[in-house]
Amino acid sequence: MAKEKVVGTCRLCLTPQVELQNSHIVPEFLYTRIYDVRGRFQVFTDPGDRPGLEQKGFREPLLCKECEVKFSLWEKYVKELLFDRAPAGIDCGDRMEYPGVDYAKFKLFQMSLIWRMGATSLERFSNVNMGGAHLECLRDMLDRSDPGEPYEYGCWLGAISSRIHELGQVMMAPIRVRKKVLDHTCYQALLGGVFWNFFVSSHMEKFPYPGLFISKQDVLGIWKEGMKASQAVDHRAEQIKRRNAAHLRSP
């Protein structure tokens, strides 16, 4: 049976009375690898919670067809870059650096992720409550395909290589970090085995470590064990490991 069409206002371009697509909040490629044989996956709302099972990815009528295509182009680029081609990086000690990454495409993809998490009405993403001003600013930048400066709604990526397998088996829905990171609001999610740390703040131009974010020189850094800022990520990984193990042992 064909699904009934949903007509409304596109949340991105604000065009009224258009057919809305059943839009992914988190792109499918970020959790296809964690589906079990029944098409289910584990998701935490918080590392202290018992994980729940979800069926297929999170969707909601959100975007018109044209805006859906816009987002899909950025998604395709990041999927191919990080998950299909697995580019060779340069080991810089506390991080891996990947040169030649398209700044605009990658940054806009990151921004689209946190915007969708803030714009959706789905309960799983209720922790993302950035306020109307930030939500509108992100919407406008995405609508204009403007990635802004690296620090504007910047996102730093952290990967714990020794735990990549176990972390790749679960999704952690975004949580607001309880204590501000360097005086800035940060939302953290575990997607595709990588920690995504989204900064939502109106004074990021004063952020003391701009090198955390992808640069306009098309260099992407993925931070690893040993970096001071990733200690929180490592702690979060340990929490998830313990909770996930307990869940798997339970009947």
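## Basis of the description

Helices (H or I, at least four residues) and strands (E, at least two) are taken here as DSSP runs, numbered from the N terminus. On that basis Tyr153 lies in the loop between helix 3 and strand 8 (155-158), and the protein has 5 helices and 12 strands.

This is a predicted model, in which local features need pLDDT of at least 70 and side-chain atom pairs count only at pLDDT 80 or more, whereas totals for chains, interfaces and linings use all residues. Residues are numbered from 1 along each chain as its sequence is written, and side-chain values use heavy atoms, with hydrogens and water left out.

## Burial and contacts overall

Of the 251 residues of the protein, 49% count as buried, where buried means under 20% relative accessible area, exposed means over 50%, and partly exposed lies in between (1.4 Å probe, protein chains only). When contacts (heavy atoms within 4.5 Å) are taken between residues at least 6 apart in sequence, 72% of them join residues at least 24 apart.

## Helix 3 and its buried side

Helix 3 (residues 132-143) has 12 residues and reaches 16 Å from its first C-alpha to its last, close to the 16 Å expected at 1.5 Å a residue, the expected span being 1.5 Å times one less than the number of residues. His134, Leu135, Leu138, Arg139, Met141 and Leu142 are buried in helix 3. They cover an arc of only 165° around the axis, which puts them on the same side of helix 3; the arc is that of the directions from the helix axis to the C-beta atoms.

The face turned away from this buried side carries the exposed residues Gly132 and Ala133. The buried residues of helix 3 pack against helix 1 (65-84) and helix 2 (103-119).

Helix 2 and helix 3 pack at an angle of about 140°, with their axes 10 Å apart; axes are lines fitted to C-alpha atoms, for helices over the stretch in contact, and angles run from 0 to 180 degrees between N-to-C directions. The two helices are therefore oblique to each other, since angles under 35 degrees count as roughly parallel, over 145 as roughly antiparallel, 65 to 115 as roughly perpendicular and the rest as oblique. In this pairing Leu108, Met111, Ser112, Ile114, Trp115, Gly118 and Ala119 of helix 2 meet Leu135, Leu138, Arg139, Met141 and Leu142 of helix 3.

The buried residues of helix 1, among them Cys67, Lys70, Phe71 and Trp74, pack against strand 5 (59-63), helix 2 and helix 3.

## Leu12, a buried loop residue

Leu12 lies in the loop between strand 1 (6-8) and strand 2 (18-24), and at 0% relative accessibility it counts as buried. Not counting residues up to four places away in sequence, Leu12 touches Leu63, Cys67, Lys70, Phe71, Trp115, Arg139, Leu142 and Asp143. The C-alpha atoms of Leu12 and Glu68, which are 56 residues apart along the chain, are separated by 9.4 Å.

## Residues with positive phi

Most residues other than glycine have a negative phi. Gln17, although not a glycine, has a positive phi of about 50°; Gln17 is placed in the loop between strand 1 and strand 2 and is exposed, with a relative accessible area of 66%. Tyr153 likewise has a positive phi, near 50°, but at 8% relative accessibility Tyr153 counts as buried.
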